[in-house]
Amino acid sequence: MMTKMGHILTFSKTVAVKLRCKSALLLAATITVSISIGMVYWSLWNEAKAVTQEGVENTESVASLLDELPPEQNKDDVIKTYSQQLEVLKDSMERFQQNYVGKPVRRARFKIQKHRHEKLRHQCLKLGYKAPYTTDLSQIPSHLMVDDVHKIIFCQIRKAGSISWRNALSEAVARDSKGATELRRLSSYDSSEQLRRVRTYKKFLFVREPLLRVLSAWREKFVTGFQRPMYEDTLGREITKKRRTGSAKKGGNLNVTFVEFVDYLMTGPSVDYDSTDFHWLSYNTRCMPCTVHYDYIGEFESMSKEAVWIMDQLNVHDFRWSKATPSTSLEFAKEQFQTLTKQQRESLYELYQNDYELFNYSIDKLWEKLGITP
């Protein structure tokens, strides 16, 4: 490969001398650097780097050939033009190197994204989703958040940093539109505009270890969150009426336990109550990743590292991210999951098994991390 590159460079120099024109001189640099970029794209970085350096070092030797130009040709103008063009090519190469090749961490992130997409698609096929991603609005979540300034769509998953994301994106939209627009739900557009955005906008979502997310949702709604009174007076009564004798006064503190909450999730609601609360709705139901193509898949566990990087890929620059921290410690998680029987833990996993498999989480790793015997 290096021999061929050397022949190309030598040939270009020869043509430059014989044709006695500055365009041929520029061609020498253009061919060398362009092929180098192509080699980089195919991961032949070591060779590409050497060729690029060779092209830079040959600037003087190519310029020396200008001595053979006819007297009427302005050598200074040719050298100046050639040098300027070479600098542009060098700058392009350096930026390409910095954004993809030059940073092992960035290369790793692209590989991670590729792996996540491959895993997701494989599991979707196993679930029976054989057709390409759809443009049927009935199979696209209407609640998706749309950013028309940066042309991106975000699926909010509660208890996976969704509030932090919504606030950060709202700030970016307001800033870059100078207050002229704001985030909107996909359903706020007419059908044709919804489809156009789904087809052309980049889309992303962030997921979280599924059962830790469920635990976090229970803790916020029934233990520590400001919405606790509302949830206890509505869903709390639905949960406890079949699991306790007697009843609490309205407005009383029900103290819904994690065991009761899990039992409710597994047995389902009564006919007069809708249990599809999005705080614990499955990822597969909430975001429909088997029918909607998400360009970037992030994980809550590494959000501080992935958030700004993904936004940079989506051309949302100077992105201000307030780190989302899990409200549930591993100690608290261990304490609560140990209150469940083995059968309850297994049944809860089965309820969210698709989420585990679609996004490559492992229930065994969770039990190992918590020190719980499966």
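What follows is a short exchange on the terms applied to this predicted model.

Author: In this predicted model, local features need pLDDT of at least 70 and side-chain atom pairs count only at pLDDT 80 or more, while totals for chains, interfaces and linings use all residues. Residues are numbered from 1 along each chain as its sequence is written, and side-chain values use heavy atoms, leaving out hydrogens and water.

Reader: Why is Arg-116 called buried?
Author: Buried means under 20% relative accessible area, exposed over 50%, and partly exposed in between (1.4 Å probe, protein chains only). Arg-116 has a relative accessible area of 11%, so Arg-116 is buried.

Reader: What makes the link of Arg-116 and Glu-306 a polar contact?
Author: The term covers a pair of N or O atoms within 3.5 Å; within protein, one must be able to donate a hydrogen and the other to accept it, and residues adjacent in sequence count only if both atoms are side-chain atoms. The side chains of Arg-116 and Glu-306 are joined at 2.9 Å, so the pair qualifies.

Reader: How do you know that Cys-124 and Cys-290 form a disulfide?
Author: A disulfide is a pair of cysteine sulfur atoms within 2.5 Å. For Cys-124 and Cys-290 the S to S distance is 2.0 Å, so the pair counts as a disulfide. The angle about this S-S bond is -85 degrees, and the link is left-handed.
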